[in-house]
Amino acid sequence: MRLILRQLRLKIVESVPFLLACAVFLSVISLKSPLLLFCMLFGSLVAIVIHQAGQQLNLPKRWLIICQILAAALILSLFWLDCLAFPAQAQFFGKAENFFKTTLTQGSENSGGSQAAVSLIFNVLRGIFLLYIAISLVGVINAVRKDEDWQSVARTPLLVVVAVTIADVLTSFVIGDTNKQ
């Protein structure tokens, strides 16, 4: 009995640094990103449930591992999709919209209406741009499918995307940082 207790004590002492590292890691994750901690805990729960279900259904170990990998990939992709979904930082002409919102509302009493109008105009422009890209992408895919020269079909939409990107960069150079007022 003493031998078993001594081995158990030795195992616990050997695992203390690992457990401390795990505790620090989880505390940092929970402070920085509670969503990541939730995804990790949910992923662990899903892996355990899949393992238990696989044992009950007598699934081969290969299929069990594939199911666990697919579940982990799905949870991580949902996490990254949520983390990377910040459209305000990826908008074309975002600085121009903020500039016009602040410039057009200076000295006016009803600034809400003009801000809404400016937002509507810029959002309509972004929507038209996205529709153009989508329609052009369908044309490129059709050209590839029909074994036509898809590069000439893709050239014009690519030039439009490059031109809009350059115009957005130049607009931010002209306007400057609107947050430092």
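## Contacts of I75

Two residues are in contact when heavy atoms of theirs lie within 4.5 Å. In this predicted model, I75 is in contact with C39, F42, G43 and V46, leaving aside its neighbours within four places in sequence.

## The nonpolar core

Which residues make up the largest nonpolar core? This core has 7 residues in all: C39, V46, I50, L64, A71, I75 and F79. The most comes from α3, which gives 4 residues.

In soluble globular proteins, nonpolar side chains tend to be buried together.

## Overall build

The protein contains 6 helices and 0 strands. From the N terminus on, its elements run α-α-α-α-α-α.

Among contacts between residues at least 6 apart in sequence, 56% join residues at least 24 apart.

## Burial and surface

How much of the protein counts as buried? Of its 181 residues, 15% do. The accessible surface of the protein comes to about 14300 Å². Carbon and sulfur atoms account for 71% of that surface.

## Confidence

The mean pLDDT of the protein is 80, and 88% of its residues reach 70 or more. Confidence is lowest in helix α1 (residues 2-32), at a mean of 79. Confidence is highest in helix α5 (residues 111-145), at 85. Where pLDDT is low, the predicted coordinates should not be read in detail.

Terms used:
Residues are numbered from 1 along each chain as its sequence is written. Side-chain values use heavy atoms; hydrogens and water are left out. A nonpolar core is a set of buried Ala, Val, Leu, Ile, Met, Phe, Trp, Tyr and Cys residues joined through side-chain atoms within 4.5 Å. Buried means under 20% relative accessible area, exposed over 50%, partly exposed in between (1.4 Å probe, protein chains only). Helices (H or I, at least four residues) and strands (E, at least two) are DSSP runs, numbered from the N terminus. pLDDT is the predictor's confidence in each residue, from 0 to 100. Accessible areas come from the Shrake-Rupley method with a 1.4 Å probe; for residues, only the protein chains shown count as cover.
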